[in-house]
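Here is a short report for a first look at this chain. It begins with the overall build and then visits single residues.

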Amino acid sequence: MADWSLIAVRLALYVVLSAMFGLAAFSLYGLTMRERGDALTLRPWLIASACLGLILSIAWLILMATSMAGTSLWPIDQEALGALLTGSAIGTAWKVRMVALVVATACAGASPNRTLPLILVTASGAVGLGSLAWTGHGAMDEGSIGWAHLVADIFHLLASGTWVGALVGLLLLVSRPVVRVDASHLRLTHRALHGFGSIGTIVVGTIVISGLVNGWVLVGLGNITTLTSNLYGQLFVLKLVLFAAILGLASLNRFRLTPAFEQSIAAENHRGALGALRTSLLVETGCVVGILGLVAWLGTLSPSASAM
């Protein structure tokens with residue numbers, strides 16, 4: 001039976017850490033220092049996500065120790081918790097993540113609009129997000145295959161986080177209250193939308209390549225024809241379907257909605273085009289959250305079930 005509390009916390013961790021890392025990265029490559037403060041107001045978003053990441057990490061550790069020991073949630077099994085923290089790579093990754101999130105919180109509270117603190121938040125967010133690879137299938141193999149799988153999983157997480165954070169940043173831009181939308185904000189929004197196109201190509205390429213490596217290790221070429229005969233395979237296929245939908249929406253944004261938005265700015269009639277972009281980005285974000293939910297669920301299942 002699925003441990004839904006553990007899956008829910010894993011999903012929340014994926015979303016929060018992806019958003020923190022990706023939003024910080026988006027602000028670095030997509031906005032100037034002045035725009036980071038005027039357009040996004042980064043400090044509350046970054047502090048909230050880092051603090052929430054700390055809380056969720058503690059909750060995940062307790063749930064994981066409980067699940068592995070087969071004990072009740074309360075009272076907390078101190079022995080199981082200590083064994084997980086000191087006797088496993090999962091515990092080491094957890095401690096690294098906690099340090100990274102504390103650093104991210106401090107830097108976000110200092111001056112996240114400035115480049116150096118924002119670089120530190122981005123780097124700390126990358127460490128925190130990448131550490132999740134040790135809590136799933138990425139750390140299950142040994143030797144050269146194990147390292148290839150782990151590295152691919154880390155790149156997969158970071159590329160996905162870059163996409164999630166960009167979606168958060170773009171949604172904040174296109175959802176600004178009408179009374180605060182002026183010509184400069186419209187131009188900034190278009191530049192950010194257009195600018196993510198190049199970054200997005202790299203992100204998609206990284207996700208596809210790392211995903212192929214992960215799929216080869218977890219599923220294997222010989223099991224493709226029987227993939228949908230078990231729950232793991234069915235969820236894996238659903239993940240691919242959602243990813244295809246996201247690619248379609250991203251293409252729609254880049255080649256249809258963003259050019260239409262640019263034309264609407266010139267015609268000073270932007271509300272319809274801005275609304276279409278907002279709707280598309282919201283649907284795309286919903287699909288991304290769906291994929292992260294599937295990843296959280298897949299992480300609790302044994303991929304060996306795919307080997308018929």
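Helices (H or I, at least four residues) and strands (E, at least two) are DSSP runs, numbered from the N terminus. Read from the N terminus on, the elements of the chain run α-α-α-α-α-α-α-α-α-α. That makes 10 helices and zero strands.

This is a predicted model, in which local features need pLDDT of at least 70, side-chain atom pairs count only at pLDDT 80 or more, and totals for chains, interfaces and linings use all residues. Residues are numbered from 1 along each chain as its sequence is written, and side-chain values use heavy atoms, with hydrogens and water left out.

**Overall build**

The C-alpha trace of the chain spans about 65 × 50 × 35 Å along its principal axes. Its radius of gyration is taken over C-alpha atoms, and the globule rule is 2.2 Å times the number of residues to the power 0.38. For 308 residues a compact globule would have a value near 19 Å; the chain has 20 Å, which agrees.

Contact means heavy atoms within 4.5 Å. Among contacts in the chain with a separation of 6 or more, 77% join residues 24 or more positions apart.

**Surface and charge**

Accessible areas come from the Shrake-Rupley method with a 1.4 Å probe; for residues, only the protein chains shown count as cover. The accessible surface of the chain comes to about 14,500 Å², and 69% of this belongs to carbon and sulfur atoms.

Lys and Arg count as positive and Asp and Glu as negative, while His and the chain ends are not counted. A charge is placed at NZ of Lys, CZ of Arg, CG of Asp or CD of Glu. The chain has 16 positive and 12 negative side chains, and the centres of the two sets lie 12 Å apart.

**Buried parts**

Buried means under 20% relative accessible area, exposed over 50%, partly exposed in between (1.4 Å probe, protein chains only). Of the 308 residues of the chain, 47% count as buried.

A nonpolar core is a set of buried Ala, Val, Leu, Ile, Met, Phe, Trp, Tyr and Cys residues joined through side-chain atoms within 4.5 Å. The largest one has 74 residues, and Phe26, Leu46, Trp60 and Trp163 have the most contacts inside it. Helix 1 (residues 4-30) gives this core its largest share, 13 residues. A second, separate core has eight residues, including Leu218, Leu227, Phe236 and Leu294.

Leucine 46 deserves a look. Beyond its neighbours within four places in sequence, leucine 46 is in contact with Met20, Leu23, Ala24, Ala108, Pro112, Leu118 and Val121.

**Single residues**

The table lists two C-alpha separations.

| Pair | Apart in sequence | C-alpha to C-alpha |
|---|---|---|
| Alanine 166 and alanine 24 | 142 residues | 9.1 Å |
| Leucine 13 and isoleucine 62 | 49 residues | 14 Å |

Leucine 13 is found in helix 1. Leucine 13 is buried, with a relative accessible area of 2%. Its contacts, leaving aside neighbours within four places in sequence, are Ser18, Gly53, Leu56, Ser57, Trp60, Arg97 and Leu132.

Alanine 166 belongs to helix 7 (residues 143-174). At a relative accessible area of 0%, alanine 166 is buried. Apart from neighbours within four places in sequence, alanine 166 is in contact with Gly22, Phe26, Tyr29 and Phe196.

Is arginine 187 buried or exposed? Arginine 187 counts as exposed, because its relative accessibility is 53%. Arginine 187 sits in helix 8 (residues 183-218).

Serine 280 lies in helix 10 (residues 271-298). Serine 280 counts as buried at 6% relative accessibility. Not counting residues up to four places away in sequence, serine 280 touches Leu249, Leu252, Asn253 and Leu257.
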